[in-house]
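Hello,

Here is the structure we spoke about. Please load it and read the notes below alongside it.

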Amino acid sequence: MKSYVWPAIFFLQTAIVLPAPLDPAKIDQITGLKGKLNEREGVYKITFPRDDVKVTVDGWTMPPFMGLGTWASFTESKNGAMVMGDTVLFEDEVNAAMSAALDAGLNVTALHNHFFFDQPKVFFMHTEGEGSVDDLARAVRKMYDTVKAIRGPNAKPAESFAVVGQPSLPEKNSVTAAPLNEIFSMQGEAKDGMVKFTIGRPAKMHGVKIDNTMGVNTWAAFAGDDKNAVVNGDFAVTEDELQPVLKSLLKEKINIVAIHSHMTHEEPRIMFFHYWGRGSAKDLAQAVKGGLLVGGLLKVSSPVH
């Protein structure tokens, strides 16, 4: 009897944990796009061209076919489905689209350019996620709808972060270092009214120890004055730290302008993202400090020199 019962139970349990097959019609319905199935790979891909804005590269009007296509691909996984994608964005769309993706449960894994001498500047945001097909399709749709809401009223991408009524940065920098030193609990480097904080991140590459001075660091530089300041810098984070730190800075209205790697064969793997923010110097410092705390970076950082 047992030789017949156990196989039946085994097959029943196996059937329970198998993911449901992809439903292309449901993906089409939720995203509002018509996709194409690659039966050999078991992948369903939706795509559309960014033909709503004229783009020139090196003086040549680029057809979307040549690399201006947004796409998202779905495949089955043990947790239901996985989605990976690349979204074509203009500068004034990036941070809203990134926030929408993160809020909807997607991970943002890279943000970079693919061209030189492109007008307007084009950026590519890579995303991935895992879960139910419905949830992933809704997340992708939310990201795309966010872009449409920005571009719909104005086909010409903005050329500045500045909002209406925002004063220009002062010609002479005069940021007071002391309050920022207190926020970061360290002494910043001061020069000509600007202040910079640099925090090393110990790692290894090819078995060699690398740290702050070798370029593995998080830094924040402040200019302007105490009430009207700008901060820009770089975060060095592990793959596990990337998403929570991105969310923390975006929540505080800090703009993310690039996400990429700087090295190969490093241990642990380090991702770098660059950012830009406007506001009072103290508020900006608190926003950056929040990212450090969320990522636990102060606990693993090397001494500042």
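Is R50 buried or exposed? R50 is buried, because its relative accessible area is 3%, and buried means under 20%. Bear in mind that this is a predicted model.

**Salt bridges**

R50 pairs with D52 in a salt bridge, 2.9 Å from N to O. D52 is partly exposed, at 38% relative accessible area.

R50 also meets E93, with N to O at 3.0 Å. That pair links distant parts of the chain, 43 residues apart. R50 sits in the loop between strand 2 (43-49) and strand 3 (56-57). E93 sits in the loop between strand 6 (80-90) and helix 3. Both R50 and E93 are buried.

A network of salt bridges links R50, D52, D92, E93 and R151.

K26 is partly exposed at 27% relative accessibility. D134 is partly exposed too, at 23%.

**Helix packing**

Helix 3 (residues 94-103) packs with helix 6 (residues 239-251) at about 125°, their axes 11 Å apart. The two are therefore oblique to each other. Their crossing is left-handed. Helix 3 contributes N95, M98, S99 and L102 to the contact, and helix 6 contributes Q243, L246, K247 and L250. By class, that contact has 4 nonpolar, 3 polar and 1 charged residues.

Best regards

Terms used: Residues are numbered from 1 along each chain as its sequence is written. This is a predicted model: local features need pLDDT of at least 70, side-chain atom pairs count only at pLDDT 80 or more; totals for chains, interfaces and linings use all residues. Side-chain values use heavy atoms; hydrogens and water are left out. Axes are lines fitted to C-alpha atoms, for helices over the stretch in contact, and angles run from 0 to 180 degrees between N-to-C directions. Helices (H or I, at least four residues) and strands (E, at least two) are DSSP runs, numbered from the N terminus. Angles under 35 degrees count as roughly parallel, over 145 as roughly antiparallel, 65 to 115 as roughly perpendicular and the rest as oblique. A crossing is left-handed if the near helix is turned anticlockwise from the far one by less than a right angle, and right-handed if clockwise. Contact means heavy atoms within 4.5 Å. Ala, Val, Leu, Ile, Met, Phe, Trp, Tyr, Cys and Pro count as nonpolar, Asp, Glu, Lys and Arg as charged, and the others, Gly among them, as polar. Buried means under 20% relative accessible area, exposed over 50%, partly exposed in between (1.4 Å probe, protein chains only). A salt bridge is a side-chain nitrogen of Lys or Arg within 4 Å of a carboxyl oxygen of Asp or Glu.
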